[in-house]
Structures are given as C-alpha cells and as structure tokens.
Amino acid sequence: MVMAGGGWGGWGHDRRVFLYPPVIMRYFMASRMVRRSGVWAGLVLGMLACATSSASSNGTSNGIGNRTSNEIGNGSVDGKAPIDRSTVTSSIVTSSPVENAAIAGQVPVGVLEQLRQDAIGRWGFPASGKVVRTAAASLRDMEGVPWISARVPRWKVTLEGAGQRVVYVASEGAFVLVRREGLELPQGLSGQVREAVQRSAAQYWALPEGGPMVGAFGAKLHPSQVMVWSAEAVTWKDGCLELGVLDRNCGKGAVAGWRVTVAGVRELPGPAEISGSQVGPQPVPMLTFRVDGTGRRVQPDLPEWAGQLVVKTATEWGFGQGKGRFLGAAAVNWPKGCEQVRGLPYACDPIPGSGWLVKLEQGLRRWTVRVDREERSAVLLQRENPVLEQTLGARLAMQVKGLAGSHLELQPEQVWITRLEARRFGGCLGLPLPIEDCGMGEQGYRVTVEGRSGQRQVYRVGERFGIRTEAIGGLPVRTDRLPSRLARVVLQDASARLKLRMDGLHIRSFEEVTECFRSPTAAPNEPCLTWVTTDRLRVVVTNFQEDWVYEVNRAGKVLSVQRLMGKLNDRLDDRLIAGVRLRGAGC
C-alpha cells in the first residue's frame, strides 16, 4: 500500500483526506492490507472516523452554516441529488417547527410540521407555537382517545405556544390529538371542575355519525380534546347557578363556583368553500359554562328567561316534564328576515341576528333550540334520537327524515324518528301498487316518525324498493313527496269525481309551477330570462286507467282539473317506481 505524503504524518498535508473522506474509505477498503488483516482494518477505520470527525468540526460545519438557507431550500447541495427532508434535523432548517434542536432527530421534521399545521388549522393553536418535547409512544398514551390507524403509534409530540399546550400521538401517515391544556388558568381551578366542563362540552358537540350539522361545531370530540380557555371565580346566588328552570330543588344559599369558557375544534372549509369566496380560517367554536366549586353541577351560561324559552319551545316538540338537562349554549350569529321570501323578483336584504344555540337532553333524545336575544323568541332547529338513527344508518335516516319533512312540511332536522322495527317484507315492501309485479321480498325497517304535536307517519324502508309510505288517516300507499295536507285535498276531489275509494288512487308526480318574470322595461318580443317559482303545484293523479292533472295552490285550493288523453302505457313515469316491473304496461 502506498501512503500519500511518505507516511502517516503525510495525511496532515493532503487536505483531500479531510475534505473527501469517502475517497479514503474506498481506498482502504480496496487495499490488500485491509482485506488480509482484521487488525489493520480496525485501525484504519478507527483513524478514518477520527479524521472525519475532526474535519466536520473544523471545516464542514462552517460550510453548512453558510449554505443552509439556499441549499436546503432548493432541495440539493452543490448541485448533487436532492436531500430527503424527512431526515434533516431542525438544527439546520431555517424556519424550524421545533423549539429544542436536541429533540429534532427523534421524529422526522416533516411529521413535526404536519402536526403543527394541524394544531394551527383545526385546534386554534398559535402560529408561533413550537414542538418542545418528543418521546416514544404506544397505545397507552392515547388517554382514552380512539386510535385511527392499524399501525401502532411511534411518537408522542408536545407543542406549546401562547399559553397553550397540545399533545399528539403519531406514526407514519396517522396522528391524533390526545390532549389540550391551557397554561395560564387560575390555580384555584380544580381538576374536577375542568373535567366536568370538558365532559359537558364534548357531549354538546357530539353528533351521530354522518348526522346533520347545526351550528358551527364539527365531529365528535373526546373530553381531553376540549381545551379550558379561561376561567373566573364567581359566587352564584343559588345552588342552581341562577338557572333553575329544569330543577328548582337545588338550595337557596350562595354557592362559590366558576364561569369557564372552553374551545372546541374548528370546522375546516370544504372544497366548495376553498374554491369560493370564503377566505381565512373559521373561528374556533366556544362554549361558556357555570360550574359550582365541586364540578357536580354544570349549567350553560344563559339568562333565566332564555332557559325558560328553550324549555317551552322544546316542550311543544315532544320534550316531556320529566328530568332533563341542558348540554350547553353556544353564542351564535345568523342572517334573518328572509325566511319567507321564495326568490326573485322579491329582493331581500337579511339583517343580523344574535343569540344562543341551546341543546337539551332527556334520556337518549336531544333538542337544539335557537334563541333570538333581541326578539326574545325561539325556534326548534333539530331533534335527534341518536341510537335509532345510528341503527338505521346515516344515509337511510336522512332519506326518511327528508321524505317525512316533505310530507309534514317541516325541515328534515325537525322530524323525529320515534320507533324502529326490523322486518322481513314481501315484494315492494309489502305495499305493491296494482300495476306492479314485485318479485321477491327483502329485509328492511318499519320506521315511525313524528312532526308537530299530533303529526305521525310510518314508512317502510329497504335497499331494493326504497321508501314507501304506509296508508294512514285514509290516504293510500304513497311513493310521492307531495305534502300530505295537499295530497288529501287532491285525492278527496279525485275520489268524488271518479266515484272511487282513495285507496284505488295514486299520486304519480307533482311539480312546482313557474312563470316568467318580465321587467317593466323589457321589449314585448324579448325572450324570458328569469323564471320564478309560484305558490301553485301541478299534481298528476291516476286510477291506473286514466290520469288527471290538478293545479292547486299551497293554501289547498283546487284551481283547475284536466283529464289527460291517450294510452296509460305511454305516460307511465318509470322514475316513481324504479327497480320494479309494471304488469301489463309493456315494461
């Protein structure tokens, strides 16, 4: 082996040894001495490691320090292959998500930045916050929060900033926030009070899987994901915390407690909102509670008059006189004043409304009531029976509530599923029309729903035949969406004209009547550019031999009746009975 510079000391005069250690490595590994003697190999590799370390401390670190911002930002060094950023420690990244560079090598920087961006985007974490601690993790670190991946979590990551602390558990491609903490809360605020408020907030924000959204709150939250934002000591006048509308037996003496505000999860904008005019992140939803000093009694921060109005409104929609409780009250704003406007040409400028979105619970049922602060009025926005809706499934539950909303002239969210029975039905769900050849039966559900007091309807639901309305109150089996009040008017008139029972008639279709709106300055021959919806409906009724077209207004007055001429087989609407064969109809 030939040594450059005439011996070991010659290495100190050949700077290539320090600047290019890979060359020396290949040189020694290729030499006979290294191949023949393990001792020599150990000596050589050991000295090479020392030389490389010395070179890094004397020269290379200065080069990296001067080139970091340009080379790392461009993804390459000296024009060579791009650097894998997932392996670059935060000590050489200009805008680091990590507070302490000593922990940076434990978790890929890309994962740390992803966690930080999630905390900022969804949980209201300050943009100036940093990663302050990482550690190895397992499922024991989840603190009751469900893990979302088949891979066991690898890292536990803690971020802090502006009085907040968030803790994540993560692995490659998956992460979950397991805890949020406020770092500047009063020292007298006990853990029992914090946990009680977190549980109440999580129950307020909880929704059935895939259920409808009311207000600015999102998916289910675990109590540990709710952050106590602020707290102030308060002395309440009574044991009901000055909101005794649901329970008057709570003592009359003053009670020391707290007014506590908590933060939930921010709704991220959907694709339509991202591409539309909505700009900037949405506010993090907040709830404020009244709590006694033990955490045993938790009430929403709501005036007594508003609580009474909520209970009165909910009672009109099925809330009983038995024991119930408030889940919480969120301060909300909304546009109002245009609810009755049906579109052009009637222009409407909404005015801002403000108040609270209050949720009540009784047993397994929930009511959501919106209270108007200025007008001191309330309206029911939603009723839920989560257990029944989850059993039926989110998709079918929404379809049933949507159809019932049309029949009962309510918003789908106001419809209440009160009973659910699994059944084995015959063909066409056991409700065939005279012209149908239904074939085999199927497994499905019999669903009972309620609207306002006294309103009730029963549906049969199946995957093959969809939804059919059972005959009730003298009306026949139905597959249409016409409001039941108008369906009764039309069918009674047709029954009298044709001298048939109503169960021999069927509503095949209906549509809203539109008309052209012309500007006063428009020319007589100018084509219509604006079509507006009227208060009239066109309904087609059949006795399965001939059709009749009714025009009625929404007040229930029959405006005109016309008999359709021609063969029935040429006019049957296959869309109303999709998936079934029509007997004798040439289908």
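Mentor: Let us begin with some aromatic rings, where Phe 319, Trp 367 and Trp 416 are linked into a cluster by ring pairs. Rings of Phe, Tyr and Trp (its six-membered ring) pair if their centres lie within 6.5 Å, and planes under 30 degrees apart count as stacked, over 60 as edge-to-face and the rest as tilted. Before we go on, note that this is a predicted model, in which local features need pLDDT of at least 70 and side-chain atom pairs count only at pLDDT 80 or more, while totals for chains, interfaces and linings use all residues. Residues are numbered from 1 along each chain as its sequence is written, and side-chain values use heavy atoms, with hydrogens and water left out.

Trainee: How many aromatic pairs does a search of the whole structure find?

Mentor: The search finds 5 aromatic pairs. In one of them, the ring centres of Tyr 168 and Phe 175 are 5.9 Å apart and the planes stand at 70°, so this pair is edge-to-face. Phe 319 and Trp 367 also form an edge-to-face pair, with 5.1 Å from centre to centre and 85° between the planes. Phe 319 lies in the loop between helix 8 (304–316) and strand 9 (325–336), whereas Trp 367 belongs to strand 11 (residues 365–372), so the pair ties together parts that are 48 residues apart in sequence. Helices (H or I, at least four residues) and strands (E, at least two) are DSSP runs, numbered from the N terminus.

Trainee: Which of these residues are buried, and which are partly exposed?

Mentor: Buried means under 20% relative accessible area, exposed over 50%, and partly exposed in between, using a 1.4 Å probe and protein chains only. Tyr 168 is buried at a relative accessible area of 0%, while Phe 175, at 22%, counts as partly exposed. Phe 319 and Trp 367 are both buried. Over the protein chain, buried residues make up 44% of the 587 residues.

Trainee: How should I read the pairing of strands, and what does strand 2 pair with?

Mentor: Strands of a sheet pair through backbone hydrogen bonds, either parallel or antiparallel. Here two strands count as paired if DSSP finds at least two bridges between them. Strand 1 (residues 130–136) is joined to strand 2 by 6 bridges and runs antiparallel to it, with Lys 156 in strand 2 as the bridge partner of Ala 135. Strand 2 also pairs with strand 3 (residues 164–171) in the antiparallel sense, over 7 bridges, and there Glu 160 has Arg 165 in strand 3 as its bridge partner. Between these two strands the hairpin has 2 residues, and Ala 162 takes a positive phi near 50°. Strand 2 (residues 155–161) is mostly covered, as 5 of its 7 residues are buried.

Trainee: In what order do the 4 strands of the open sheet lie?

Mentor: The order is 5-6-7-8, and the pairing is antiparallel. Strand 5 (227–236) and strand 8 (298–300) are the edge strands, each pairing on one side only. Strand 6 (residues 255–263) and strand 7 (residues 286–292) are joined by 7 bridges, and Trp 258 stands opposite Val 291 in strand 7.

Trainee: What follows helix 10 (residues 394–408)?

Mentor: Just after helix 10 comes Glu 409, which takes a positive phi of about 60°. The buried residues of helix 10 include Leu 396, Val 400 and Leu 403.
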